[in-house]
Each structure stands twice: as structure tokens, then as C-alpha cells.
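Subject: Structure for you to look at

Hello,

I am passing on a structure for you to look through. My notes are below it.

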Amino acid sequence: MARSAQKVFLAALVAWGVLLGLGGGMSPLPLQAQEGRPPVFGPRDVLPMFFRALQTADLLILRDGSVASGSLPDRIPFEPLAGERRDLDREELVAVVLADPEEATDRDRVYLQTGERLTGTLNLEAFRMRLELGDSVETKELPLDREQVKAVLLRLPGRGGLHRISPAAFQQVFGLFNDLLVSVTKYDLLVFPTQRVASVVFEDRADLAFTLESPIFGTFTFAARQLAAVFFGQEEGDPDQLLLQNGDRVSGRVTAQEDVRGTLAAWEGVSFSFSKEGLREELRQIVFRMPVRLFGGGGGRPVGPREGD
Amino acid sequence: MDLRTLFLVLLVTLGLLGLFALKAPGPGGGSSAPEIVGIEFPEEIEANGEEVIGYVAFRDPDGDIVEARFEVVEATLFEPFRFDPEVQGVREGKFPFAVFAVLPQDVTLRVVLVDAQGNESEPVEFRFRVVGELRPPPGGGILPLPPPQP
């Protein structure tokens with residue numbers, strides 16, 4: 001009897017073991033969808049816009065990733081590590097990069113057109129940005145907050161003066177061009193008829209929508225989330241264009257469904273408002289926040305070669 | 001208490017314990033975590049948006065890997081990604097992945113494999129440089145920009 005009971009007991013143990021093993025194998029994770037597609041709209045579409053902006057004004061890059069066109073004063077007070085305080089002529093400069101407040105040993109850096117770099121301290125009390133974006137945004141003299149500002153790229157000289165800037169100077173500020181691209185993944189961007197730009201935060205962005213009237217296809221409405229950019233024709237008779245997230249372009253006449261309002265990302269207190277019909281007079285382009293995956297990413301290639309045991 | 005009663009009590013106790021073990025969340029329930037044996041990927045790729053193929057070599061005694069996770073450790077603009085490598089039933093081998101970038105930058109990715117039980121492999125990092133000229137299209141810009149320097 002005892003022997004028989006032991007056998008039953010062992011059998012029960014084995015059965016539980018099997019059950020536990022099966023139970024462990026019956027809780028798979030949900031499978032993830034394949035991700036990663038080649039880009040259809042990337043930096044090559046964005047960089048020319050920033051270059052044109054840099055031909056008309058300085059570009060301010062903030063630590064929160066936003067950008068805004070504006071103008072620094074003609075002379076910028078600078079105190080080098082060793083030597084006397086002096087005023088730098090903006091015509092000599094390519095960029096200024098402010099010390100990172102989280103890096104105690106960091107210093108302000110000034111990049112000259114000659115390729116030289118100066119290290120020291122910029123006097124920010126006299127460091128103000130003049131904002132002249134378009135008719136819809138009030139012209140203002142705004143102070144720069146050292147904690148918020150990462151860098152300023154100085155306006156480029158006209159085509160005749162570009163030779164003054166050495167390749168070494170561009171090389172030194174190369175990372176700042178990356179910052180410009182990063183800005184379009186964090187904020188929507190307005191391009192004004194003056195070519196100046198500003199990162200913005202739209203009011204009620206989820207409800208923002210644009211209507212395209214096409215003489216061929218009729219009238220369509222697109223939500224902002226479906227769009228990569230809106231291009232407004234600048235001359236009478238020029239068509240407007242909507243660039244969709246999938247890379248398709250459609251032409252026609254674009255109006256907003258409602259008046260468009262918001263604030264500049266760099267200065268929350270600076271607001272803008274466009275009537276829904278008046279957008280094309282006020283703006284040259286709206287670039288909607290781009291997904292990071294358009295700039296780089298990856299995915300699986302299950303159809304590719306595989307080796308197994 | 002006779003032997004039969006003792007056996008019944010033991011059986012019920014074991015049953016309850018087994019039930020508890022089934023319900024209780026546990027890391028893997030005794031199965032083995034996958035292991036990343038190696039990663040093959042070029043040290044440099046072009047910033048042209050073209051996909052570049054790499055391989056993750058792995059070992060997994062249970063053959064139940066369901067996810068490969070690529071986390072971004074360092075990059076300027078690069079999105080993390082994950083996918084099912086479709087190697088269920090394979091205990092040792094390698095599977096491909098594809099990476100693209102359109103911006104010159106240094107990228108460091110951390111790879112983790114996850115099996116059907118939720119077991120995660122030890123993470124393995126790899127690094128590559130995306131090289132190329134950040135240049136607008138012909139006629140669209142004016143600046144000849146150099147690639148980033150090491």
C-alpha cells in the first residue's frame with residue numbers, strides 16, 4: 001500500500017512538473033510590428049530653408065531645441081580668458097556658443113570667420129536679440145537668457161562675401177547645423193516671407209487643419225498631423241502646395257480651416273495670429289514637426305539570409 | 001493519520017503550491033535568457049538614407065526569442081526600434097537587421113533580445129559613424145559643409 005502510494009505521489013509530482021513547464025510556455029509576449037522605413041522627407045528638404053534664413057538674419061538656437069531668427073547687436077562685448085575686455089564686431093563672427101550651465105568648467109566660445117576660436121565670457125547684459133519676423137509678429141528687442149540659449153549662428157555675408165569665411169570656420173560650427181535639424185523634430189516651424197524662421201507652438205494643434213482647393217481634384221481637408229509642410233505661393237497666381245507625411249505633394253490653393261494662433265517657442269510671451277484666409281500673405285512655409293525616424297532608424301529584415309541550427 | 005490521508009494532504013498542498021507557482025509572475029519561470037554572441041555591423045555608413053544590413057549572432061537554449069530591441073545610447077537624430085527577428089525554434093544562429101541615417105553623426109546602439117517568457121539578454125552595445133556631407137541639393141543652397149571630425 002505504502003509503495004503504491006509512493007508511486008502515485010511521484011506520478012503526481014511529475015504531472016505537476018509537466019504542467020508547470022507547459023504553463024511557463026503558454027504566456028508569450030505580444031509580437032511587435034515591424035518598424036523602420038526609408039525616409040521620404042529629410043534634412044535635404046530642410047537645410048536650404050535654414051541657409052536662406054541665415055542669409056537674412058542671425059539664428060538663435062535654444063537649449064530646448066527651438067530656433068528663431070533675429071539680430072544680435074553690431075558689437076558684442078567679450079572678455080577673453082587672458083587679456084582685456086573688448087567689443088567684437090559681428091562682421092568677424094560665424095557663431096557664438098554659450099557655456100553649458102551644467103558644465104561648471106565650460107566657457108563661452110566665439111568662432112571667427114578666419115577659423116579661429118576665442119574662449120572667454122560674453123557680456124550678456126548687453127546681449128539682446130532684435131526680433132523682426134513678419135507683419136504678424138511684433139518687432140521686439142528681447143533679452144537673451146544665458147540659461148536658455150545654446151548658440152547663435154551669425155547672418156552669412158552675401159554671396160560676394162562668402163569667401164571671407166574659411167572652411168575651418170564652418171567645420172568648427174558643424175554641430176550647430178545638426179541642432180537646426182533637431183529643432184524640426186521638436187517643434188513646428190514658420191518661415192516668413194522674409195525667409196526668417198521661428199519654432200512655434202500652435203494653439204489647439206490637434207484641431208489644426210488645412211483645406212486645399214484643386215481645380216483638377218476638387219477640395220480636400222488635411223489635419224496638421226497628416227502633413228509634413230505647407231508651401232504658400234508667393235506671387236499672384238502661384239499655386240500653394242501641401243507636402244504630405246508620405247512624401248506626396250498636392251497643389252492648389254490652401255486655406256486654414258480656422259484662424260491660426262500660437263506662440264514662439266523661444267519666447268512664450270510673443271504670440272502670433274493669422275486669419276484663415278490670410279496665411280499666404282503672412283507666411284512662406286509651415287514645416288510641421290518631423291518624426292525622428294525620417295532622419296535615422298532601422299528595423300528587421302526577416303527576408304534576408306539567416307543561419308540556424 | 002493514516003498513510004492515505006497523509007498522501008491526500010500532501011497532494012493538495014503540492015497542488016496549491018503548483019497553482020501558486022503558475023499564477024505568480026516570475027522572471028522566465030526557469031527558462032534560460034537569450035545571449036548575444038556578437039554583432040556584425042560596419043564602423044561607418046553613408047548618410048544617404050540607404051539601408052545597411054547588420055547581423056546579431058545569438059544563442060538561446062529555449063529557441064523562443066520574440067523581440068530584438070535596439071535602444072539609442074548616443075545619437076543626434078536616430079529613432080530606437082524593435083522587431084520580431086522571426087527565429088522561433090532556432091537555438092543558435094544570427095538574424096539580420098537594417099539601419100539607415102541621413103544625418104552625419106556618431107551613433108551608439110544597445111541591443112537586447114527578449115524571449116517569450118520575458119527573459120532579457122545581457123545588453124550589447126555597438127557604435128558606428130554616419131559619414132557624408134550635409135549639403136543641400138544643387139541650386140538649393142550655398143554652403144559646402146564638411147563632415148564631422150573625429
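The notes start with confidence, then take up chain B and chain A in turn.

This is a predicted model, with an ipTM of 0.70 and a pTM of 0.73.

Confidence in chain B

The mean pLDDT of chain B is 81, and 75% of its residues reach at least 70. Two stretches of the chain call for caution. Residues 21-28 of chain B stay under 50 in pLDDT, and the model gives them 9 contacts beyond four places in sequence. Residues 136-150 of chain B are also below 50, with 33 contacts in the model beyond near neighbours in sequence. Where pLDDT is low, the predicted coordinates should not be read in detail.

The sheet in chain B

Chain B has an open sheet of 5 strands, with mixed pairing and the order 2-8-7-4-5. Strand 2 (44-46) and strand 5 (81-83) of chain B are its edges, each pairing on one side only. From one strand to the next, the twist averages 30°. Glu44(B) has Arg129(B) in strand 8 of chain B as its bridge partner.

Helix 4 of chain A

Which residues of helix 4 (residues 174-186) of chain A are buried? They are Phe177(A), Leu180(A), Leu181(A), Ser183(A) and Val184(A). These residues lie on the same side of helix 4 of chain A, because the arc they cover around the axis is only 145°. As a general point, an α-helix has 3.6 residues a turn, so residues three or four places apart point the same way.

Two positive phi values in chain A

Two loop residues are worth a look in the backbone. Gln195(A) is not a glycine, yet its phi is positive, near 80°. Gln195(A) sits in the loop that joins strand 11 (188-191) to strand 12 (197-202) of chain A.

Asp204(A) belongs to the loop between strand 12 and strand 13 (209-214) of chain A. With 11 other C-beta atoms within 10 Å, Asp204(A) is exposed, the limit for that class being 12 or fewer.

Regards

Methods: Residues are numbered from 1 along each chain as its sequence is written. Chains are lettered from A and ligands numbered from 1 in the order in which they are written. This is a predicted model: local features need pLDDT of at least 70, side-chain atom pairs count only at pLDDT 80 or more; totals for chains, interfaces and linings use all residues. Helices (H or I, at least four residues) and strands (E, at least two) are DSSP runs, numbered from the N terminus. A residue is buried if 20 or more other C-beta atoms lie within 10 Å of its own, exposed if 12 or fewer, and partly exposed in between; C-beta atoms are placed from the backbone. The arc is that of the directions from the helix axis to the C-beta atoms. Two strands pair if DSSP finds at least two bridges between them. Axes are lines fitted to C-alpha atoms, for helices over the stretch in contact, and angles run from 0 to 180 degrees between N-to-C directions. pLDDT is the predictor's confidence in each residue, from 0 to 100. Two residues are in contact if their C-beta atoms, placed from the backbone, lie within 7 Å.
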